[in-house]
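Biologist: I would like to go through this model term by term. For each label, give me the value, the cut-off and the conclusion.

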Amino acid sequence: MPPSPADVSPASEDQLLRPRLGLRPWLALLRRAFAFAFWVRFDMASKGSGWPRIRVMRTMSWTEMQYGTKQDYELLGPAFEQHARSNLVDNLCNLLGLLRGPTLGYQCDRYSHSLQSGTRALRNGESIDMVVGALLHDVADGFAPENHSDAAAAVLAPYVDEETHWVIKHHGIFQGYYYFHHLGGDRHARDQYVDSPFYDRCIQFCAEYDQNCFDPSYDALPLEEFRPLMEEVFARPSRVPGVAPAPA
Ligand SMILES: [Fe+2]
Ligand SMILES: [Fe+2]
């Protein structure tokens with residue numbers, strides 16, 4: 001039997017005055033906090049100058065670039081540049097990590113091959129450009145297998161010297177000296193570049209830092225050892241014009 005009104009004790013005055021806070025206001029507050037966290041970015045890059053800088057990241061009101069204003073692009077350009085640069089080394093390390101695993105018939109995987117290449121270049125006293133170039137010469141294997149030399153060279157082009165760029169760009173065809181003829185090709189295909197000032201350098205690169213880097217017993221350095229070199233190279237001003245004009 002349902003209780004009669006007389007059986008229900010009346011709420012005290014204190015209970016009636018207390019605001020009835022359910023979950024909903026707290027969830028709304030939490031949502032706002034998350035929105036604020038995404039809206040405001042603590043830029044720890046400025047920690048050397050004292051307090052972290054708080055930079056407001058405004059979201060554009062438009063969904064088509066044609067409606068952007070000069071002020072919009074003056075904000076978007078540097079924001080992208082800062083984001084891209086600060087993540088570049090991590091992204092490249094992750095791309096190298098994609099080469100872990102399959103050995104594809106060789107005695108070591110492509111990740112180990114890359115570390116061997118970088119380590120041999122480093123131990124041979126090569127420039128920082130060439131060491132980083134050696135480390136990353138096959139970095140595009142995972143996403144541009146048909147033209148991995150061009151793709152790796154394109155990644156390096158803004159930051160390394162002309163010689164390193166040329167060597168990495170052409171290492172695929174120069175590497176063919178060691179196997180093209182076994183597949184019915186011309187192992188001397190590299191000779192079309194005999195007039196290049198970097199012809200001999202590319203031959204040396206393949207001989208000392210590529211064709212011999214499939215040895216699982218080689219004591220290659222871990223990737224962390226190359227990180228400072230990568231940080232230095234990829235912090236340089238770009239050598240190639242970007243998609244946007246440089247600020248006046
Ligand atoms: Fe390669
Ligand atoms: Fe290679």
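Biologist: Where is Leu104 placed?

Modeller: Leu104 sits in the loop between α3 and α4. Helices are DSSP runs of H or I with at least four residues, strands are E runs of at least two, and both are numbered from the N terminus. This is a predicted model, where local features need pLDDT of at least 70, side-chain atom pairs count only at pLDDT 80 or more, and totals for chains, interfaces and linings use all residues. Residues are numbered from 1 along each chain as its sequence is written, while chains are lettered from A and ligands numbered from 1 in the order in which they are written.

Biologist: Why does Leu104 count as exposed?

Modeller: Leu104 has 7 C-beta neighbours inside 10 Å. The rule counts other C-beta atoms, placed from the backbone, within 10 Å of a residue's own: 20 or more is buried, 12 or fewer is exposed, and in between is partly exposed. Leu104, with 7, therefore counts as exposed.

Biologist: What phi does Leu104 have?

Modeller: About 55°, a positive value, although Leu104 is not a glycine. Most residues other than glycine have a negative phi.

Biologist: How many helices and strands does the protein chain have?

Modeller: Nine helices and two strands. From the N terminus, the order is α-α-β-β-α-α-α-α-α-α-α. Of its 248 residues, 21% count as buried.

Biologist: What makes Met230 buried?

Modeller: Met230 has 22 C-beta neighbours inside 10 Å, so it counts as buried. Its place is in helix α9, residues 227-233.

Biologist: Which residues does Met230 touch?

Modeller: Leaving out residues up to four places away in sequence, Met230 touches Val89, Leu92 and Val132. Contact here means that two C-beta atoms, placed from the backbone, lie within 7 Å. Leu88 is 142 residues from Met230 along the chain, and their C-alpha atoms are separated by 9.4 Å.

Biologist: Which residues does Val132 touch in turn?

Modeller: Val160, Leu229, Met230 and Val233, with the same exclusion of residues up to four places away in sequence. Val132 is also one of the residues that touch the most other members of the largest nonpolar core, along with Val131, Leu136, Ala152 and Leu156. That core has 28 residues. Two or more residues come from each of α4 (110-123), α5 (128-136), α6 (148-156), α7 (162-175), α8 (199-209) and α9. α5 gives the most, with six.

Biologist: What makes a set of residues a nonpolar core?

Modeller: Its members are buried Ala, Val, Leu, Ile, Met, Phe, Trp, Tyr and Cys residues, joined through C-beta atoms within 7 Å.

Biologist: Why is α5 called largely enclosed?

Modeller: Eight of its nine residues are buried, so α5 is largely enclosed by the rest of the structure. The buried residues are Asp129, Met130, Val131, Val132, Gly133, Ala134, Leu135 and Leu136. They pack against α3 (70-97), α4, α6, α7, α8 and α9.

Biologist: How do you know that α4 and α5 are roughly antiparallel?

Modeller: Their axes come within 7 Å and cross at roughly 165°. Axes are lines fitted to C-alpha atoms, for helices over the stretch in contact, and angles run from 0 to 180 degrees between N-to-C directions. Under 35 degrees is roughly parallel, over 145 roughly antiparallel, 65 to 115 roughly perpendicular, and the rest oblique. α4 and α5 are therefore roughly antiparallel. Ser114, Ser117, Gly118, Ala121 and Leu122 of α4 meet Met130, Val131, Ala134 and Leu135 of α5. By class, this contact has six nonpolar, three polar and no charged residues.

Biologist: What decides the class of a residue?

Modeller: Ala, Val, Leu, Ile, Met, Phe, Trp, Tyr, Cys and Pro are nonpolar, Asp, Glu, Lys and Arg are charged, and the others, Gly among them, are polar.

Biologist: What makes α5 and α7 roughly parallel?

Modeller: They pack at an angle of about 20°, with their axes 9 Å apart. α5 and α7 are therefore roughly parallel to each other. The contact is made by Asp129, Met130 and Gly133 of α5 with Thr164, Val167 and Ile168 of α7. Three of these residues are nonpolar, two polar and one charged.

Biologist: At what angle do α7 and α8 pack?

Modeller: About 65°, with their axes 9 Å apart. Glu163, Val167, His170, His171, Phe174 and Gln175 of α7 make the contact with Arg201, Cys202, Ile203, Phe205 and Cys206 of α8. They divide into six nonpolar, three polar and two charged.
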